[in-house]
Amino acid sequence: MYKSLDGVLVELTAEEIAEHELNAVDYTTSLSESIRNRRDALIASTDWWVMPDRTATAEQLAYRQALRDITAQAGFPTDITWPT
């Protein structure tokens, strides 16, 4: 890995590489948590669809399942498609 120092590319030190990788891990973890929080809120907002006195439609059940499957998408957490 390289960085630009006064317009000249120089190789990163081992410490700089480790810090960069740690920051990337922190970002991914934070993004994952944010997406899970949004997903959980969307599921919670539809909980009334599956109450014992209601009959959820196939579309409603599919939407809730798609929300639960967000973390299984190939691009998670940086490239996901939210269900509609």
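Where does Arg64 lie? Select Arg64 and you land in helix α2; helices here are DSSP runs of H or I with at least four residues, strands are runs of E with at least two, and both are numbered from the N terminus.

Before moving on, some ground rules. This is a predicted model, in which local features need pLDDT of at least 70 and side-chain atom pairs count only at pLDDT 80 or more, while totals for chains, interfaces and linings use all residues. Residues are numbered from 1 along each chain as its sequence is written, and side-chain values use heavy atoms, with hydrogens and water left out.

**Zoom out for a moment**

Colour by pLDDT, the predictor's confidence in each residue, from 0 to 100. The protein chain has a mean of 86, and 86% of its residues reach 70 or more. Confidence is lowest in strand β1 (residues 2-5), with a mean of 62, and highest in α2, at 97. Then switch to cartoon: you get two helices and two strands, running β-β-α-α along the sequence. Of the 84 residues in the protein chain, 20% are buried; buried means under 20% relative accessible area, exposed over 50%, and partly exposed in between (1.4 Å probe, protein chains only).

**Back to Arg64**

Is Arg64 buried or exposed? Arg64 is buried, at a relative accessible area of 10%. Show its neighbours next: leaving out residues up to four places away in sequence, Arg64 touches Ile43, Thr46, Asp47, Trp49 and Val50, where a contact means heavy atoms within 4.5 Å.

Now pick Asp47 from that list. Asp47 forms a salt bridge with Arg64, and the closest N and O atoms are 3.1 Å apart; the term asks for a side-chain nitrogen of Lys or Arg within 4 Å of a carboxyl oxygen of Asp or Glu. Asp47 counts as partly exposed, at 34% relative accessibility.

**Look down α2**

Select Gln60, Tyr63, Arg64 and Leu67, the buried residues of α2. They cover an arc of only 95° around the axis, so they sit on the same side of α2; the arc is that of the directions from the helix axis to the C-beta atoms. Why might residues a few places apart line up like this? An α-helix has 3.6 residues a turn, so residues three or four places apart point the same way.

**The aromatic stop**

Select Trp48, Trp49 and Tyr63, which ring pairs link into a cluster. The structure holds two aromatic pairs. Trp48 and Trp49 have ring centres 6.2 Å apart and planes at 70°, so they are edge-to-face. Rings of Phe, Tyr and Trp (its six-membered ring) pair if their centres lie within 6.5 Å; planes under 30 degrees apart count as stacked, over 60 as edge-to-face and the rest as tilted.

Trp49 also pairs with Tyr63, and that pair is tilted: 6.0 Å centre to centre, with 55° between the planes. Trp49 lies in the loop between α1 (14-45) and α2 (58-68) and Tyr63 in helix α2, so the pair ties together parts that are 14 residues apart in sequence. Both Trp49 and Tyr63 are buried, whereas Trp48 is partly exposed at 46% relative accessibility.

**Two arginines to click**

What does Arg38 lie over? Bring up Trp82: Arg38 lies over its face, 4.1 Å from the ring centre. A charge counts as over a ring if NZ of Lys or CZ of Arg is within 6 Å of the ring centre and within 35 degrees of the ring normal.

Then click Arg39. A search of the whole structure finds two salt bridges, and one of them joins Arg39 to Asp40, with the closest N and O atoms 2.8 Å apart. Arg39 is buried at 13% relative accessible area, while Asp40 is partly exposed at 39%.

Select Ser32, in helix α1. Ser32 is buried, at 9% relative accessible area. Leaving out residues up to four places away in sequence, Ser32 touches Phe76 and Pro77. Look between those two partners: a cis peptide bond joins Phe76 and Pro77, with omega about 5°. Pro77 is in the segment after α2.
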